[in-house]
Amino acid sequence: MPTNTRDNLDATLARILTEHPDSRASWFALTEGDRLFSAGDPADTFYILQSGRLGVFKPREGQEAEFIGVVQPGTPVGEMSMLADTAHTSNVVALRDSEVIALPRAAFYEISRAHPDLMAEVARVMIRRTRQKGRTDFPTVYGFVSAREAPIRPFVDAIHAAIQAEGYRVTIIDRDAKTLASDWFARVEDSNDFVLYVAEAADPVWAHLCARQVDRLFIVGDPNNAPPAQVGRRNGDTELVHQLTDLILLSPVPSNQRSPSQPWLSAMTPGRWFHCQDGSAHDAHRIARIITGSSVGLVLSGGGARAYAHIGVLRVLRAAKIPLDFLGGSSMGAVIAAGPALGWTQDELETRIHNAFVRNDPLSDIAIPLVALTRARKLGSLLKEAYDDLAIEDMPLPFFAVSANLTSGRIEVHRDGLLRHALRASVAIPGVIPPYVRNGQVLVDGAVLRNFPSDVMRRFNHGPMIGSDVSQTRGVNAEQLENPPSWWRWIMSGAWKQGPPIVSILMRAATLSTSAELTEARAETDVLILPKPEGVDIREWKAFEPGIAAGEAAAAEALSQIDKPVEALRRPAPKPHETLPAATVEVPAPSPVRAVLARLLPQRKPPKATETKA
């Protein structure tokens with residue numbers, strides 16, 4: 001008896017194909033890494049996945065394609081574009097060996113006219129995806145492949161326990177399952193909310209199989225040793241699939257001085273990377289949150305002195321004990337987000353920001369405006385003092401800063417390299433602070449192109465996102481601009497330390513987004529915080545406490561509007577059925593539609609055109 005939408009669709013299609021054996025349906029196989037179709041291809045075929053897993057990637061202009069999610073067996077793919085008679089909008093790639101049914105659009109419409117229940121079942125799938133904001137299912141099958149000598153099984157066991165503590169059914173599959181039939185693996189995956197494959201370095205054959213069997217892969221290495229020459233990894237479409245290979249640098253002993261991560265990043269080219277420690281329950285719970293869609297990302301907008309409000313937001317989030325697993329921002333938002341990503345306490349964050357921007361106004365070294373109104377030497381010294389030669393990739397938590405690349409006309413996402421260089425680029429307000437030049441590329445304030453980079457955060461974190469945005473708060477003193485002070489009064493009052501009023505105009509212009517862009521960026525968030533630091537000019541660096549107070553008030557109001565913990569806002573519900581003990585898992589019967597096609601059609605490889613679309 002069908003138990004869900006996918007079962008209903010599978011059963012409906014099986015019945016129809018039995019009644020119409022000449023329906024022009026075909027059945028073909030994709031090997032791991034093959035593309036089913038690419039963005040821009042004509043959507044002239046109805047596809048439904050029968051076995052395996054497909055990954056969906058949405059192109060982003062000037063950025064890597066965003067991983068949207070996975071397509072599970074019994075689910076159609078690309079059906080929205082086919083019904084709308086438009087080109088496909090995403091790239092779809094086989095994450096493992098998969099089988100797909102294809103039905104030409106004309107044949108699909110002919111069958112639907114004779115069997116309206118087929119269209120009804122497809123509509124149910126589309127409605128479910130619409131409610132999920134167009135996203136497909138979460139990954140549920142993860143692999144942990146060791147690239148270090150010490151065993152990783154204790155760490156995976158701790159992650160397993162943390163996932164169970166969230167109420168999910170989860171199991172670990174290790175090398176003891178190497179000789180079992182492929183259908184056994186499928187049944188175990190179907191009977192659990194999450195499946196964790198684990199392979200130690202001593203078993204490369206099993207590691208290779210794990211890499212081919214999972215939705216997302218973690219390579220686990222030791223940062224204190226060099227990466228090995230060979231490690232289990234995915235095959236196929238490198239541009240897309242490498243995003244689904246993450247790196248965990250698991251340190252065997254606590255250390256305040258991290259070993260450089262760059263050798264591992266160069267060898268593995270992971271989509272994401274995480275720093276963890278053996279025996280740390282905190283780190284095991286953090287990885288468990290990432291797996292279950294409970295990890296929390298915090299993104300902070302630019303806004304000059306008004307961004308002090310983000311500090312107040314952090315006060316409230318920390319008091320509420322909300323975990324922060326990914327952090328990032330643009331301009332002054334990036335400067336503040338770097339604090340918790342470095343592990344700074346709230347007191348340390350406030351002290352450091354106060355010293356850098358209140359006691360030592362970084363924009364007070366006014367210059368003859370050949371390139372900008374300031375020299376930025378003071379800013380550079382403050383950043384050097386605060387961050388020395390710390391690399392972003394070595395920070396305890398994943399972090400990014402955004403700048404605008406004037407050379408390419410695209411945003412620049414800083415995820416590695418020296419932190420002080422990334423922040424120097426991200427705050428380089430055109431006309432106020434000189435651009436930062438790196439490798440011949442001219443970089444300025446990230447707010448110019450992406451003042452509230454929620455879309456960047458969504459690329460790395462599929463769990464809930466908290467956003468704090470001050471980009472549309474009034475930040476320019478109209479009276480001061482209408483009746484500017486005389487040069488003499490301006491100098492005598494000490495206001496020259498903030499720069500002339502033109503600084504406010506340039507800073508506000510750099511952080512101004514269109515309503516459409518801002519609406520889209522804010523829609524990405526799950527908890528949107530909109531501080532209103534009224535009366536705080538965008539360059540009023542002394543307005544520290546008023547800015548913080550505005551952030552506290554806005555954060556408390558936003559949290560009062562949600563009826564569950566932030567971590568649970570995107571967390572998928574556990575499956576309703578009972579988990580079978582591993583020893584009694586039965587080989588599943590083939591799906592109804594697959595059984596019909598096996599009887600009616602010869603299985604074939606996809607046509608040549610499909611294989612070469614990548």
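Close-up 1. Arg272 is buried, its relative accessible area being 6%, where buried means under 20% relative accessible area, exposed over 50% and partly exposed in between, with a 1.4 Å probe and protein chains only. The model is a predicted one, in which local features need pLDDT of at least 70 and side-chain atom pairs count only at pLDDT 80 or more, whereas totals for chains, interfaces and linings use all residues. Residues are numbered from 1 along each chain as its sequence is written, and side-chain values use heavy atoms, with hydrogens and water left out. Arg272 sits in the loop between helix H9 (262-268) and strand S14 (273-277); helices (H or I, at least four residues) and strands (E, at least two) are DSSP runs, numbered from the N terminus. Its side chain makes a polar contact with the side chain of Asp246 at 2.8 Å, and a polar atom of the Arg272 side chain also lies 2.8 Å from the backbone oxygen of Phe460. A polar contact is a pair of N or O atoms within 3.5 Å; within protein, one must be able to donate a hydrogen and the other to accept it, and residues adjacent in sequence count only if both atoms are side-chain atoms.

**Close-up 2. The aromatic pair of Phe218 and Phe274.** The structure holds 18 aromatic pairs, a pair being rings of Phe, Tyr and Trp (its six-membered ring) with centres within 6.5 Å, and planes under 30 degrees apart counting as stacked, over 60 as edge-to-face and the rest as tilted. The ring centres of Phe218 and Phe274 are 6.5 Å apart and the planes stand at 65 degrees, so this pair is edge-to-face. It links distant parts of the chain, with Phe218 in strand S12 (residues 216-221) and Phe274 in strand S14, 56 residues apart. Phe218 is buried at 0% relative accessibility, and Phe274 is buried with a relative accessible area of 1%.

**Close-up 3. The aromatic pair of Tyr308 and Phe544.** Tyr308 and Phe544 form an edge-to-face aromatic pair, with 5.1 Å from centre to centre and 75 degrees between the planes. Tyr308 lies in the loop between strand S15 (297-300) and helix H11 (309-319), and Phe544 in helix H22 (residues 544-560), 236 residues apart. Both Tyr308 and Phe544 are buried.

**Close-up 4. The buried face of helix H6.** In helix H6 (residues 182-191), Trp184, Phe185, Val188, Glu189 and Ser191 are buried. Seen down the axis of H6, these buried residues fall within an arc of 165 degrees, so they line one face of the helix, the arc being that of the directions from the helix axis to the C-beta atoms.
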